[in-house]
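Please keep the sequence and the structure in view while reading.

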Amino acid sequence: MLKQKGSALVQILLLSVLLLNVIILSLTNHINNNKKLSKITENTDLRAYEVAKAGAVEALAFFRRQTTQPVTAFNPTSNDSENPTIGIVRTIEIFSRTNRLRGRYEINRDRIQDVSSFYNKPPGTIWAIYSQGSIIRRETNEVISNKTIAFLIRRIAINVPYESTIIWSSVSNVILQSRTRLISSSINIAGPSGTGTPTVQNQSAILPHSINYVTNYSIVTFNNIFGMTLDEMKNMADHIVNSSSNFPQSSPTNPFKSKIIIIDTITPITLQPFYGSGIIISRANITIPNTGQINFNGIIYMMPNTTLSINCPGTINGIIISEHGNNGQII
């Protein structure tokens with residue numbers, strides 16, 4: 001009788017141990033499943049954010065390609081959107097090993113707004129835009145993540161007073177190094193009258209040889225060129241550079257495109273030869289060493305008392321401007 005009771009007790013203990021193992025195993029699986037669920041959620045949220053960013057790029061492209069500028073009405077067509085009655089809408093496939101997903105971005109016409117008047121600017125100058133990115137499970141059409149980003153786009157109306165390759169505050173501070181070519185359909189160097197002549201070194205040429213001396217050169221100021229202050233431009237900049245390492249990386253196969261780059265330091269800076277397009281504004285002396293080639297399309301704007309020294313071969317398509325009162329050189 002005692003043995004039977006003891007045997008029964010052992011069996012109960014064994015059963016308790018087995019039950020405990022089952023509970024521990026279930027809890028472990030539950031924790032692992034939660035981790036997987038959390039990881040999936042994080043991944044889909046990140047993807048939704050990336051889709052929203054794609055929508056932002058599409059919205060910017062829409063404003064850029066409009067033939068009438070500034071754009072005062074947001075009216076996408078069927079060429080711009082899958083559903084122009086909503087706004088700009090695109091659906092994209094997302095590759096995943098475990099889930100069949102689609103992404104969708106939407107710039108809703110009811111949420112986009114011309115806020116130019118708030119900044120005391122002409123209509124169509126500044127727009128507030130919201131881009132929503134969604135991740136959708138294809139089998140069920142279930143939206144599993146939504147992310148929205150808000151941003152401003154601002155039109156810059158650049159007013160270059162002279163059709164010239166170089167606008168410099170002292171013509172005698174323009175030094176064309178050996179084998180330099182300035183080519184323009186009209187004027188190559190514009191500067192105030194009475195400020196001397198450029199230095200043209202061996203095998204250099206100004207084609208056609210044209211220098212325009214301007215009596216009212218004082219109109220060349222930052223605000224008159226860009227229609228805003230430097231601080232306002234900083235709010236729009238893609239890159240604020242405080243050292244050589246902060247300057248955007250580029251290569252012939254990967255140039256930076258349509259970037260606003262502000263070198264916001266007075267410490268002289270050395271930049272490696274670069275490739276890209278946009279606007280470069282500098283408060284510092286810039287030296288570009290002979291360690292490669294430069295290929296740039298756009299505007300290089302030098303603030304007062306700064307020197308631009310380009311020692312490498314290459315091409316600049318656009319214009320180099322010195323602010324009025326700049327005693328620095330372009331070499």
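Which element supplies the largest share of the lining of the largest pocket? The answer is α1, with seven residues.

The model is predicted: local features need pLDDT of at least 70, side-chain atom pairs count only at pLDDT 80 or more, and totals for chains, interfaces and linings use all residues. Residues are numbered from 1 along each chain as its sequence is written, and side-chain values use heavy atoms, with hydrogens and water left out.

## The chain as a whole

Three helices and 20 strands occur in the chain; helices (H or I, at least four residues) and strands (E, at least two) are DSSP runs, numbered from the N terminus. Of the 331 residues in the chain, 39% are buried, where buried means under 20% relative accessible area, exposed over 50%, and partly exposed in between (1.4 Å probe, protein chains only). The chain exposes about 18,600 Å², and carbon and sulfur atoms supply 53% of this area; accessible areas come from the Shrake-Rupley method with a 1.4 Å probe, and for residues only the protein chains shown count as cover. Among contacts between residues at least 6 apart in sequence, 44% join residues at least 24 apart, a contact being heavy atoms within 4.5 Å.

## Pockets and cavity

Rolling a probe the size of a water molecule over the atoms shows where empty space is left. On a 1 Å grid over the protein atoms alone, a cavity is a set of points where a 1.4 Å probe fits but cannot get out, and a pocket is an open set with protein on both sides within 12 Å along at least five of seven lines; lining residues have an atom within 4 Å of a point. Grid points are joined across faces, edges and corners, and a volume is the space filled by probe spheres set on the points. In the table, Ala, Val, Leu, Ile, Met, Phe, Trp, Tyr, Cys and Pro count as nonpolar, Asp, Glu, Lys and Arg as charged, and the others, Gly among them, as polar.

| Space | Volume | Classes of lining residues |
|---|---|---|
| Largest cavity | about 30 Å³ | seven nonpolar, no polar, no charged residues |

The largest pocket is lined by 33 residues, and Leu60, Arg64, Ile153, Arg154 and Met236 lie nearest its centre. At least two lining residues come from each of α1 (2–65), β4 (126–137), β5 (142–154), α3 (230–236), β14 and β16.

The structure holds one cavity of 30 Å³ or more. Leu271, Phe274, Ile280, Ile286, Ile288, Ile300 and Leu308 line the largest cavity.

Is strand β16 (residues 275–282) buried or exposed? Eight of its eight residues are buried, so β16 is largely enclosed by the rest of the structure. Two strands pair if DSSP finds at least two bridges between them. Strand β14 (residues 256–263) runs parallel to β16, joined by six bridges, and Phe256 has Gly276 in β16 as its bridge partner. Strand β18 (residues 294–302) also pairs with β16 in the parallel sense, over eight bridges; here Ile281 is bridged to Tyr301 of β18.

Most residues other than glycine have a negative phi, and most peptide bonds are trans. The peptide bond from Gln69 to Pro70 is cis, with omega near -5°, and Pro70 lies in the loop between α1 and β1 (87–94). Asn141, in the loop between β4 and β5, has a positive phi near 60° and is partly exposed, with a relative accessible area of 49%. Ser258 belongs to strand β14; its phi is positive, about 50°, and its relative accessible area of 39% makes it partly exposed.

Thr125 sits in the loop between β3 (113–114) and β4 and counts as buried at 12% relative accessibility. Leaving aside neighbours within four places in sequence, Thr125 is in contact with Ser116, Ile153, Arg154 and Arg155.
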